[in-house]
Amino acid sequence: MKALKTLIDECRSGATDYQELVDRVPYARFLGIQVVAQGDELTFVLPKNDNVIGNPTLPALHGGAVAGFMEQAAIIFILLQMGEPRVPKTIDFTIDYLRAGHFRDTYAECRITRQGRRIANVHISAWQKNRQEPITIARAHFLLSEDA
Amino acid sequence: MTDSSPPFTRLDVCNRFLESVRHSVVLGMEVISAEETAVRARLPWRDDLVGNPETGVMHGGAIFAMMDHAGGMSVTCRTFPVFEITPTIDFRVDHLRGPAKGAAVVCEASCYRLTPHVAFVRITSWEEGNEDAPIATGLATYTRLKIDKAGQVVGQ
C-alpha cells in the first residue's frame, strides 16, 4: 500500500481520484462518504444508508453520524487543500443542530476560517435540500503536523 | 400494599433505546449502567472505526456518536419512567488525547440540569481501565419533545 503522503500528493496533482484518499480511512468507508470535485470546490456526500439512521420512527439520521461525517469531511479537506502530509488531529469539534436530518443524502462543504502554523480553524456546513438551509453547522480546530 | 414502581429499570429503557437506534447498534455501542444521575456506555475498538490508518486510533466521530447517544440516555434517566424524544441542540467535544489502538472507549454522561424544555449534559470518555485519564470531554444541550406515544420507541 502506498504511503499516505504519496497518495495525498497524487490526489493533489490529479493523478489519483480523490475517492481513493477518502476510502483509505476505515471510518469513512464505514459511513460510505463520497467526495465530488467541481473545479477546486469539494462537496462531500453522506449517501442515505440504513446504518446511519438514529430515530427509527421518523426516520431521521443519527446526529453522531452526521457529526462524524462533517469531521471527516474537514479532515479530507485539510489533506487535499492544504497538502498536510498526515491526518490532522481533531482538537475540538462543536456542532449546532438546526434542522432534522431526514433519511436522504446529506452534503457538506468546508471552509478554512483561519490557518495558523500549528492550528487550523475549519467551518463545516451540511445540508440536504439546498445549501441555504443547513441541517447542521460545525466549527472545529485541528492540530497540524510540524513538517507541513 | 401496592408497588407503584415501574416494571422496568433505567437500564432496561436505555438498552431498548439503544436497540432502536441502528447507527449506535452498528457502531457496537453497549450500555454498561444507567442510574438517575449517570449513564455509562462502552464502544469496543474495531478496525472499521479507525480514523487514522497510520496509527489505528479510533475516529473522533465514532466516539462523538457514542457520547451523543449516551448524553440522550442520561436525559432519559432523569425523565424516567417517562420516555421523551430528545434531539441534540448543540454538542462540543474536546479531544484531550487519542485513545490507544485496540482499546475500548467508555463514557459517562450526566444530565446535571433538567428544565421543562432543555436538558444540560456533561460527558467524559476514557480508555477502558484508565478512568483517571480522560480522552475526551463533552458538553451538550438537548431539547425535550413531549410526543404522545414516544415510549413506543422503547417498547413502553
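Visitor: Where does Ser13(A) sit in chain A?
Guide: In this predicted model, Ser13(A) belongs to helix H1 of chain A, which covers residues 4-13.

Visitor: Now chain B. Which residues of helix H1 there are buried?
Guide: In H1 of chain B, residues 10-20, the buried ones are Val13(B), Cys14(B), Phe17(B), Leu18(B) and Ser20(B).

Visitor: How do you know that these buried residues line one face of H1(B)?
Guide: Look down the axis of H1(B): the buried residues fall within an arc of 165 degrees, and therefore they line one face of the helix.

Visitor: What covers the buried residues of H1(B)?
Guide: The cover includes helix H2 (22-27), strand S1 (30-34), strand S2 (39-43) and helix H3 (60-79), again from chain B.

Visitor: What makes S6(B) and S7(B) a pair of strands?
Guide: Pairing takes at least two bridges. Strand S6(B), residues 105-114, and strand S7(B), residues 118-127, have nine bridges, in the antiparallel sense, so they pass the cut-off of at least two. Within this pair, Cys107(B) stands opposite Ser125(B), and a hairpin of three residues links S6(B) to S7(B).

Visitor: How many bridges join S6(B) to S2(B)?
Guide: Five, and these two strands also run antiparallel. Here Leu43(B) has Val105(B) as its bridge partner.

Visitor: How many residues of chain B are in contact with chain A?
Guide: 34 residues of chain B, and they meet 35 residues of chain A. Together the two chains bury about 2600 Å², with 58% of it on carbon and sulfur atoms. His23(B), Pro53(B) and His59(B) supply 21% of the area that chain B buries against chain A, more than any other three residues.

Visitor: What makes the meeting of Asp92(A) and Arg92(B) a salt bridge?
Guide: The nitrogen and the carboxyl oxygen have to be within 4 Å. Between these side chains the N to O distance is 3.4 Å, so the pair meets that limit. The count between chain B and chain A is one salt bridge.

Visitor: Which element gives the most to the side of chain B that touches chain A?
Guide: S5(B), with eight residues.

Note on methods
Residues are numbered from 1 along each chain as its sequence is written. Chains are lettered from A and ligands numbered from 1 in the order in which they are written. This is a predicted model: local features need pLDDT of at least 70, side-chain atom pairs count only at pLDDT 80 or more; totals for chains, interfaces and linings use all residues. Side-chain values use heavy atoms; hydrogens and water are left out. Helices (H or I, at least four residues) and strands (E, at least two) are DSSP runs, numbered from the N terminus. Buried means under 20% relative accessible area, exposed over 50%, partly exposed in between (1.4 Å probe, protein chains only). The arc is that of the directions from the helix axis to the C-beta atoms. Contact means heavy atoms within 4.5 Å. Buried area is the accessible area (1.4 Å probe) that two parts lose on being put together, summed over both.
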